[in-house]
Amino acid sequence: MRSVVIVGASVAGVHAAKALRSGGYDGDLHLVSKESDLPYDRPPLSKGFLLGTVHAEEIALAPPSYYEEARITLRLGVRAVAISPQRVDLSDGTHLAFDRLLLATGSRLHRLKVPGDDLDGVLYLRTLADARVLRARLLAAQHVAVVGGGFIGLEVAAAARQLGKETVVLEALNAPLARLLGEETAQALCSLHRENGVSIVTRAEVMAFTGDGGVRAVVLRDGRSFPCDLAVVGVGVTPNDDLLGARGQGIPVGEHLQSAMDGVFAAGDVARFPYRGREVRIEHWDNAQAMGEHAARAMLGHAAPFAASPFFWSDQYDTTFQYFGHVDEHDAVVLRGDPASRSFIAFYLRGGAVSAAFTAGRPRDALPLRRLVEQQAQIDPEVLRSEDASLKRLSRRE
């Protein structure tokens, strides 16, 4: 290889670039980003950055000097607009030749298309630029409405409440994250927010934003109206897979993360890859880092098949939540501990195997839980439920 181009400068792209250099690649290396900011970490945007405890310079994925020393050419503020064999065309009219190309283009936000969606004060959070605007508007706001109770929405709600704002979360399901976590576990998250002063309204279908120039309320299908001077919308994302015409389903890749186009790989949110007999797309920081590094090794010709070990975390108030594995459907949920206590584990069983696990307030259990999920351990539910059964021993016996 003489030239590698990486499109997308978030965690997957930057870690791929680092892995290429540490793996001995010394040819041309271009890192293309449509954002103008130096590559940065996204998770703090909805937490510490909004609270003012974390600043932009602290979330850079590498200092400016690193890219110069590693001979990585940053192309900031430009987009890749087309790919042909061994060539990427950019939005500034230039193009880059490549022997290997990594698409780490991430995902884009769903936009809520309802009357009033263009009012001043209806905001979204995806980028550092978004976070700067949202931080300033949060400080000035009095009443905040969060539309969508996913993890990002709940983290924004927690930050707003910690800043002293009257906050309401409007969630379309029976409870935020109920599809992912199950009803009982999801209700525990609701209780945490309610105890901290957040109003959570479920089965809430937003029909409009109202206001004269600036947003003043969110209106639901059933006619209820919630006053606000700031509305933050978080209703999901779509992978940026247009360059290979994947139509919003993610770019399919094989076990070495190579796409159907010769020399083109994909990693992170945009990649759809084999996982336990099916194709999945996982939007987790940890997975993006692992995929970026693996794609780099595959380009260098010495990578084993990618073996995913999905994991993500969320900090809300004084509680850290962790989720291991990936399961679209589960047969049963087994609880260890009381969800109301903020110290518990939920095991998600599929076919009798531990396919995923969610934990609150138990950081010491992280490693054995990850092992149990990776092993797809078959363990009696009563044993999983018992606090007397050591997770370390259970994870080692497999």
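This is a predicted model: local features need pLDDT of at least 70, side-chain atom pairs count only at pLDDT 80 or more; totals for chains, interfaces and linings use all residues.
Close-up 1. R371 belongs to helix α9, which spans residues 366–375. Together with R364, K392, R393 and R396, R371 forms a positive surface patch. Helix α11 (residues 391–397) contributes the most to the positive patch, with three residues.

Close-up 2. Buried residues in α9 are A366, P368, L369, L372 and V373. Q376 follows α9 and has a positive phi, near 50 degrees.

**Close-up 3. The salt bridge between E387 and R362.** The closest N and O atoms of E387 and R362 are 2.7 Å apart, and the two residues form a salt bridge. E387 sits in the loop between α10 (381–385) and α11, and R362 in the loop between β26 (353–360) and α9, so the pair ties together parts that are 25 residues apart in sequence. E387 is partly exposed at 45% relative accessibility, whereas R362 is buried, with a relative accessible area of 14%.

**Close-up 4. The salt bridge between R137 and D120.** R137 and D120 form a salt bridge in which the closest N and O atoms are 3.1 Å apart. Because R137 is part of helix α4 (residues 128–140) and D120 is in the loop between β8 (107–109) and β9 (122–124), the pair ties together parts that are 17 residues apart in sequence. R137 counts as partly exposed, at 27% relative accessibility. D120 is also partly exposed, with a relative accessible area of 45%.

**Close-up 5. The salt bridge between R42 and E35.** A salt bridge joins the side chains of R42 and E35 (3.0 Å, N to O). R42 is partly exposed, its relative accessible area being 24%, while E35 is buried at 15%. The whole structure contains 16 salt bridges.

Close-up 6. Strand β24 covers residues 332–336 and includes A332. A332 is partly exposed, with a relative accessible area of 30%. Apart from neighbours within four places in sequence, A332 is in contact with F347, Y348 and L349. A332 and A353 are 21 residues apart along the chain, and their C-alpha atoms are separated by 10.0 Å.

Terms used:
Residues are numbered from 1 along each chain as its sequence is written. Side-chain values use heavy atoms; hydrogens and water are left out. Patches are made of residues with over 30% relative accessible area and no salt bridge: like charges are joined within 9 Å, nonpolar side chains (Val, Leu, Ile, Met, Phe, Trp, Tyr) within 5 Å. Accessible areas come from the Shrake-Rupley method with a 1.4 Å probe; for residues, only the protein chains shown count as cover. A salt bridge is a side-chain nitrogen of Lys or Arg within 4 Å of a carboxyl oxygen of Asp or Glu. Lys and Arg count as positive and Asp and Glu as negative; His and the chain ends are not counted. The place of a charge is taken as NZ of Lys, CZ of Arg, CG of Asp or CD of Glu. Helices (H or I, at least four residues) and strands (E, at least two) are DSSP runs, numbered from the N terminus. Buried means under 20% relative accessible area, exposed over 50%, partly exposed in between (1.4 Å probe, protein chains only). Contact means heavy atoms within 4.5 Å.
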